[in-house]
Structures are given as structure tokens and as C-alpha cells.
Amino acid sequence: MNILDELAALAAERVSEAKKDISAGEMREMALFLPEGGFEFEKALSKPDISFICECKKASPSKGIIAEDFPYLEIAKEYEQAGADCISVLTEPYKFLGSDRYLSEIAAQVSIPCIRKDFTVDEYMIYEAKVLGAKAVLLICSILSPQQIKEYIGIADRLGISALVEAHDSSEIKTALSCGARIIGVNNRDLKNFTVDTSNSRRMRELVPDDIIFVSESGVKNAEDIALLREAGVDAVLIGEALMRAEDKVKKLTELRG
């Protein structure tokens, strides 16, 4: 079992436990009771220049602890002040040391849209994301069937939240497109072995029509990386570690923006 399969299995266990406290029907009703969203996440990524999704991440399976001290609310507010377009919040608790609480508190205190960064394996997690205040969810092609992806995009659409469909190679890009993805994220990190190749996004960009929002994820470290992605026609970047390790996040984001 590779790390991605392990994370998916752990997510399924978490959902099973969560349903003991709040049933699937109750979670669905809670989500549908809330005002319908206006797809704020994809709107924020639709501006003319490259958009920045800045990540609140305490740890990762490949790097271990990234931020010993993790004042997540301060970090999120600093991102907003720095001009971030969206915030990605890790809620996976075992390998990334994330928490649903981080998402609900951040979403309540910033005005820019948040995406729930987790390993969505059940529709329950989409309804839950809406209840927690997320404006988007992550759907990973390599852990979901095409039927699930289509179904989950449909659920997100009914809730008025966005689905970022993550692919790593050309066959997954085709799957994402056939499922009706409006936002496709290409992960430069291979989640099966954690190798990183930032040119992966630039290669995959050619396979995605211009009317689909294209996001480059992982491994983006400096203004040169951003310049190459901008040149390739990438619409947005998701940046985690480079910003999390920066003492002055406002300064780092300004540098990255070029």
C-alpha cells in the first residue's frame, strides 16, 4: 500500500467514526440548510493574472513537522493581508496533523475563500466541508472512480462550492475532463513516491482547454518557478511549504508574485 492509498483508507475510517456522531443524513441536511454558495473559490481563481492559493499546513508525510509553532489563525490572516486569493487548509489529522477545527475557525475569520485539503473518499466529507465553511473541496483522481468524481462534482455544485479535481498524469487529466471538472489541479509531487517535478504542470497545461481553471500544486519555491508557470498559461498556484517556512509571509508572497 502506497502513502496515498493509506491516506484514503484512513479517511474512510474517519468518516465511519464521524457518522457515529452525526449521521450521513444529518450532515447532508445541515449542509443543505446553509445558504447556497456562489462558487467563490473558482471566481477568485478567474482573474487575469496568476492567482495564489496559500496553504496552512503543520506537517506532511514527506517533510515531517514543517511548523512546530502553528498559529494557524495568524498565518491565515497574514496570507490574506499579503494578497492571497484563497487559503488551503489541511484537515487530515494523522500524516498532516490537520484538523477540522483549523478550517472552521479560519473560514470564519478571513474573507477570502478556503478549500478543504483532505482525501475525499465519501460524499459525507463534501457536506461536512460545506458545514465547516469551506468554499471548495479536493477530489483526487487516483483514489476515486470516474463515477465518484462526477457524483461528487454534482454534490458540490448543488451546495454552491467548487471542486478542485487533482490529476498527476495525462490519463488522469482525461478523466478529470470527462467528469466535467471546471478546475483541474496538477500535482507536481507524485503522491505514490513523493518525488517532485515542477515541469509536470507545464507539460500537462497543454492538455487542458483554456476555459478550465488550471492549478499547479506542490514544489513551487521561488519567483522563477512562478514566471515559468505564468509563461505556460497556468491560472493559479497552490503553495504550502515555501510559505510555511518563510518567517515573513507577506514578503515571501510579494517575492513569489514577482
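User: Axes are lines fitted to C-alpha atoms, for helices over the stretch in contact, and angles run from 0 to 180 degrees between N-to-C directions. At what angle do the axes of helix 4 and helix 5 cross?

Analyst: This is a predicted model, in which local features need pLDDT of at least 70, side-chain atom pairs count only at pLDDT 80 or more, and totals for chains, interfaces and linings use all residues. Residues are numbered from 1 along each chain as its sequence is written, and side-chain values use heavy atoms, with hydrogens and water left out. The axes of helix 4 and helix 5 (residues 100–109) cross at roughly 40° and come within 10 Å. Helices here are DSSP runs of H or I with at least four residues, strands are E runs of at least two, and both are numbered from the N terminus.

User: Which residues make that contact?

Analyst: Helix 4 brings Tyr72, Leu73, Ala76, Lys77 and Glu80, and helix 5 brings Arg101, Tyr102, Glu105, Ile106 and Gln109. Contact means heavy atoms within 4.5 Å. Five of these residues are nonpolar, one is polar and four are charged (Ala, Val, Leu, Ile, Met, Phe, Trp, Tyr, Cys and Pro count as nonpolar, Asp, Glu, Lys and Arg as charged, the others, Gly among them, as polar).

User: And how far apart are the axes of helix 4 and helix 12?

Analyst: The axes of helix 4 (residues 72–82) and helix 12 (residues 249–257) are 9 Å apart, at an angle of about 40°. Ile75, Glu78, Tyr79, Gln81 and Ala82 of helix 4 meet Lys249, Val250, Leu253 and Arg257 of helix 12. That contact has five nonpolar, one polar and three charged residues.

User: Changing topic, what is the volume of the largest cavity?

Analyst: Its volume is about 40 Å³, and the whole structure has one cavity of 30 Å³ or more. On a 1 Å grid over the protein atoms alone, a cavity is a set of points where a 1.4 Å probe fits but cannot get out, a pocket is an open set with protein on both sides within 12 Å along at least five of seven lines, and lining residues have an atom within 4 Å of a point. Volume is the space filled by probe spheres on the points, which are joined across faces, edges and corners.

User: Which residues line the largest cavity?

Analyst: The lining consists of Glu42, Ile153, Asp157, Ser162, Ala163, Gly180, Ala181, Arg182 and Ile183. Helix 7 (146–159) and strand 7 (162–167) each give two or more residues.

User: How much space lies in the largest pocket?

Analyst: About 410 Å³. Of its 28 lining residues, Glu55, Lys57, Arg189, Ser218 and Gly219 are the closest to the centre.
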